[in-house]
Amino acid sequence: MPLPYYVSPEQMMKDKAEYARKGIARGRSIVTLEYRDGILLVAENPSSLLHKVSEIYDRIAFAGVGKYNEFENLRIAGIRHADVKGYSYSRGDVTAKALANAYSQALGNIFTQDIKPFEVEVLVAEVGDANGAKSEIYHILYDGTIEDEHNYAAMGGQADEIRRFLKDHYQAGSTLEESLQLGVRALSVTQNKTLSERDLEVAVLDRTKERRKFRRIPPEALSQLLGTAK
Amino acid sequence: MMNDERWLNLFNDYANSSFVDALRRQSPHLLPGAGPRPETREAEAVVPHGTTVLAIRYRDGVIMAGDRQATAGYQVASRRIEKIFKSDDLSGVGIAGAAGPAMEMAKLFQTELEHYEKVEGDNLSLEGKANKLGQMIRMNLQAAMMGLAVVPIFAGFDEKVGVGRLFKYDITGGRYEEKDYDAQGSGSKDARDALKKLWRRDMGREDALRCALESLIDAADEDVGTGGPDFVRGIFPTVKTISRSGFGEVPDDEVRRVCEAILGERTKIGNGG
């Protein structure tokens, strides 16, 4: 018979948090910036097929860092939540706030009840109207902690340094080009190499678009925006 | 063994990109055919029915058109109903039959296609879309037997083949691909008769638009359920184009001009058709 053992709740939570943080710190980072026409999401992601940034609903986008299978699972759950809600009420009733709360509850439950916590952080962004509703950015941590961010957000391995950099350099009302260049500089702030369009996954929630605001920016357009086009 | 089953269930859940299946697990009462089922045909005469829709192939893809009237028994239920719905950038559904369930089905279909696209990061093939719509129609079979049938036309641009294609359905979800044109609804026979005479291979947009409107005018002329162009209220048939460049709307002004031209010519030669 194995010996019964006791671990204090404090110790258990600390261990789990440390485990989750280590997993997240190994991954590459993502930044989000509000720009003149919407919200820009820039991820360091060498794969062009396995996405870190994607569309949830008309005005809502999702981004995840950490373990791919875990945030991919959350992404699909988010799309289901949004589509069911939009179908049973109306498209306008689907909000980032409700989705962010659902993510927070799910991650909080997994953190306290499962042996292994999710090694992820996710971000939910909703673009506002040109005149009226403001944009919303929610950042949800591995233990369900939820924060609403203003103007910019960063998550992943080097999030703290990136956030400091953005705090010093962010300017409201920038163009897409300026914001993208700032985002890429922020991502490379802790690295020696410069990031090219092949290392990046970029998408926007563009409020000038009709109904579905989410748009990926393909590598060709990216190199033009970054000014590296040949 | 238990473990095997759990694993398989999880796998099936993760590998499923269907909105209808998600809805079935989460809110089954929202699916077509759910809820109380009619046991007599009484509803048929009091529920609004959409009347005539048609789809024709032309050089760039497909044109879909429908009149704007809904009819309940011998009464006009609505003069402004829309019957052609965009299902995604490259396809549309024209609804005929019981208007309420038909519109709900069009909305479910649109959500299904968008859901698949978001989860998979890729569009369903046109064939896949057509099959999916057939499955939805089958869910409504019981109500259809009691006179609340939904029989849409589905048309789209097939990117793989580079042509427009169109499909019609029966109430059991049976799916039949039509080659050049088809019409559905109470005025469909008259519309098809007109199409038979007017349709030409490789028509341009202008000719196809005129062909569609002329057929709808003929249907409205012969079928009491179908509404013609209404110059008093300014209500005209809906016309949409689906081509490689996407789902487009033919503006009301243009539809009005073509209707005026058709009726003007018929007046001049003294032939009401």
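## Close-up views of chains A and B

**View 1. Where chain B meets chain A.** Eleven residues of chain B and nine residues of chain A make up the contact, two residues being in contact if their C-beta atoms, placed from the backbone, lie within 7 Å. On the side of chain B that touches chain A, the elements giving two or more residues are α2 (19-26) and α4 of chain B. Helices (H or I, at least four residues) and strands (E, at least two) are DSSP runs, numbered from the N terminus. By class, this side of chain B has five nonpolar residues, five polar and one charged; Ala, Val, Leu, Ile, Met, Phe, Trp, Tyr, Cys and Pro count as nonpolar, Asp, Glu, Lys and Arg as charged, and the others, Gly among them, as polar.

A note for all the views: this is a predicted model, in which local features need pLDDT of at least 70 and side-chain atom pairs count only at pLDDT 80 or more, while totals for chains, interfaces and linings use all residues. Residues are numbered from 1 along each chain as its sequence is written, and chains are lettered from A and ligands numbered from 1 in the order in which they are written.

**View 2. The nonpolar cores.** A nonpolar core here is a set of buried Ala, Val, Leu, Ile, Met, Phe, Trp, Tyr and Cys residues joined through C-beta atoms within 7 Å. A residue is buried if 20 or more other C-beta atoms lie within 10 Å of its own, exposed if 12 or fewer, and partly exposed in between. The largest nonpolar core has 132 residues, and those with the most contacts inside it include Leu41(A), Val124(A), Leu54(B) and Ala212(B). Leaving aside neighbours within four places in sequence, the contacts of Leu54(B) include Ala65(B), Tyr181(B), Leu195(B) and Ala212(B). A second, separate core of five residues includes Val84(A), Phe19(B), Ala22(B) and Leu23(B).

**View 3. The five-stranded sheet of chain B.** The strands of this open sheet follow the order β6-β7-β9-β10-β11, with antiparallel pairing; strands pair if DSSP finds at least two bridges between them. At the edges are β6 (84-88) and β11 (175-178) of chain B, each pairing on one side only. From one strand to the next, the twist averages 25 degrees. Four bridges link β6(B) with β7 (residues 91-94) of chain B, and Asp88(B) stands opposite Ser91(B).

**View 4. Around β10(B).** Which residue of β10(B) is the bridge partner of Phe157(B)? That partner is Gly164(B), and β9(B) and β10(B) are joined by six bridges. Their hairpin has four residues between the strands, with Gly162(B) at a positive phi near 80 degrees. On to β11(B): four bridges join β10(B) to this strand, and Phe167(B) has Glu177(B) as its bridge partner. Gly173(B), in the hairpin of β10(B) and β11(B), takes a positive phi near 90 degrees. Six of the seven residues of β10(B) are buried, so this strand is largely enclosed by the rest of the structure.

View 5. How do α8 (residues 205-222) and α9 (residues 252-268) of chain B meet? Their axes come within 10 Å and cross at roughly 65 degrees; axes are lines fitted to C-alpha atoms, for helices over the stretch in contact, and angles run from 0 to 180 degrees between N-to-C directions. Among the residues making the contact are Leu209(B) and Leu213(B) of α8(B) and Val255(B) and Ile262(B) of α9(B). By class, the contact has seven nonpolar, no polar and two charged residues.
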